[in-house]
Amino acid sequence: MTREVDARTDRYVEELCALDPLTATYVGVAGHDAELPDLSPDGMQAVEELNRSAYADVAAIKPVDEREQVAKDAFLERVGLDIEFADAQLDRKFVSVITSGIHNLREVFDLMPTGTEEDWAAIGARLAGMPDAVAGYTATLREEAAAGRVSATAQYEKVADQILSWTGQKGAGDFFTGLISRAPEAVPASLRAELEASAAKANEAFAEFGRFMAADLVPNGLPKEAVGRDHYQLSSRRYLGAEIDLEETYAWGWEELKRLSDDMEATADRILPGSSVVEAAAHLDKDPVRQLTSTAALKEWMQTAADRAIAELADVHFDIPEPVRRIECMIAPTTDGGIYYTGPSEDFSRPGRMWWSVPESVTSFGTWRELTTVYHEGVPGHHLQVAQTAYRAELLNRWQRLMCWVSGHGEGWALYAERLMDDLGYLDDPGDRLGMLDGQSFRAARVIIDIGM
């Protein structure tokens with residue numbers, strides 16, 4: 001039996017990885033770590049044309065069974081939305097403090113292997129190509145701005161500020177020099193010299209891009225971050241995988257925030273009778289048992305909590321394959337702030353990882369606030385979902401395992417995972433539970449603010 005849907009969508013994985021080697025590294029497809037994408041308008045056009053061609057091919061295939069029908073429906077929905085965004089001329093211009101072409105170029109180095117001379121040669125090749133890649137992305141944003149297609153000024157300003165940190169113009173040393181400093185002594189002197197020279201050129205390319213943003217994009221950005229109903233509704237479909245009633249969801253956000261606020265007040269009273277939430281939080285922050293005072297201690301605590309959750313949930317509440325039972329907790333090499341997860345490589349040689357980007361001003365960490373985050377990013381949250389999906393080759397084709405991501409499903413599962421751990425007794429300590437409720441209330445507030453703007 002020929003599974004044509006699987007075959008065509010799997011070929012799409014290879015085609016997209018060839019055009020966008022950063023995606024290849026992110027999803028763990030081997031063979032592209034020395035390469036960079038063309039981020040110029042021509043390169044963007046090539047990806048859009050690939051999406052249209054693959055969409056048409058898959059749409060014409062008759063699935064052989066229900067499993068293929070599900071794969072076909074998912075592919076057409078996801079890639080179809082990419083095509084809608086291209087038609088609406090929304091994707092190329094998009095810049096935010098969380099994701100953009102320049103973020104992708106920097107972050108990919110966090111996921112590249114560093115164990116062998118060949119690994120460092122691949123890093124060197126990517127560093128050497130960075131000036132051209134950045135120049136291509138600059139050309140795209142310049143063309144978009146000339147046509148009046150821009151993001152919000154506030155986003156441009158913040159990204160330009162992030163680049164100052166990455167390039168050593170403020171705060172700690174530059175990212176690229178720090179990257180090369182981690183090369184082992186076994187790396188030959190000639191390769192090390194090439195790495196250092198390429199790192200310096202990559203750093204300057206990033207610095208120049210930051211100056212371009214500040215000089216050319218900031219003055220021409222949108223004064224408001226709100227994008228309007230049509231754009232918002234389309235973006236909502238991409239993130240949620242479904243069409244929602246915005247007014248109904250906005251009202252639900254207020255109801256959910258009220259429910260969580262009431263729960264927080266009751267939980268605060270359990271911590272310190274008669275106290276407010278603010279007073280209870282201050283009380284917890286003064287407890288030395290709940291405080292960590294270094295990033296090394298934070299990393300160790302994260303790893304211990306994540307490993308414990310895997311060990312205790314496996315074979316009891318979840319079937320967890322052996323490769324999925326490994327997660328690495330990492331301190332990110334940047335200071336942007338934020339906590340996030342990256343999935344394993346296709347062969348699991350690179351495990352799933354939980355990252356913490358610690359701002360330079362942050363020197364202590366309250367475990368009561370962050371335990372729920374470990375469950376969100378690790379098991380039973382993102383790591384269980386993403387790594388389990390990557391493992392299930394008998395049920396899912398390659399595109400489904402590596403590239404089919406719907407934020408509403410993925411983030412929804414991770415938020416559910418936090419509440420599940422409360423149900424299972426892992427947050428019986430009222431301080432840890434207050435941390436979970438605090439995080440959940442932040443998400444409810446984001447629904448209100450995001451739709452309300």
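**Exercise 1.** Which residues in α11 meet Val 277, Ala 280, His 283 and Leu 284 in α12?

*Solution.* This is a predicted model: local features need pLDDT of at least 70, side-chain atom pairs count only at pLDDT 80 or more, and totals for chains, interfaces and linings use all residues. Residues are numbered from 1 along each chain as its sequence is written, and side-chain values use heavy atoms, leaving out hydrogens and water.

Take contact as heavy atoms within 4.5 Å. On the α11 side, Met 264, Glu 265, Ala 268 and Ile 271 meet the α12 residues. The residues of this contact divide into six nonpolar, one polar and one charged. Here Ala, Val, Leu, Ile, Met, Phe, Trp, Tyr, Cys and Pro count as nonpolar, Asp, Glu, Lys and Arg as charged, and the others, Gly among them, as polar.

**Exercise 2.** Find which residues of α10 are buried, and what they pack against.

*Solution.* Start with the helix: α10 covers residues 229–240. Buried means under 20% relative accessible area (1.4 Å probe, protein chains only). Gln 233, Leu 234, Ser 235, Ser 236 and Arg 238 are buried. They pack against α4 (66–87) and α11 (246–271). Gly 241 follows α10, with a positive phi near 70 degrees.

**Exercise 3.** Locate Asp 315 and Gln 89, and decide how accessible each is.

*Solution.* Asp 315 lies in the loop between α13 (295–313) and β2 (327–331). Its phi is positive, about 70 degrees, although Asp 315 is not a glycine. Asp 315, at 58%, counts as exposed. Gln 89 sits in the loop between α4 and α5 (101–107). At 43%, Gln 89 is partly exposed.

How values were computed:
Helix = DSSP H or I, 4+ residues; strand = E, 2+ residues; numbered from the N terminus. Expected span 1.5 Å × (residues − 1). Buried < 20%, exposed > 50% of the residue type's maximum accessible area, 1.4 Å probe, protein only.
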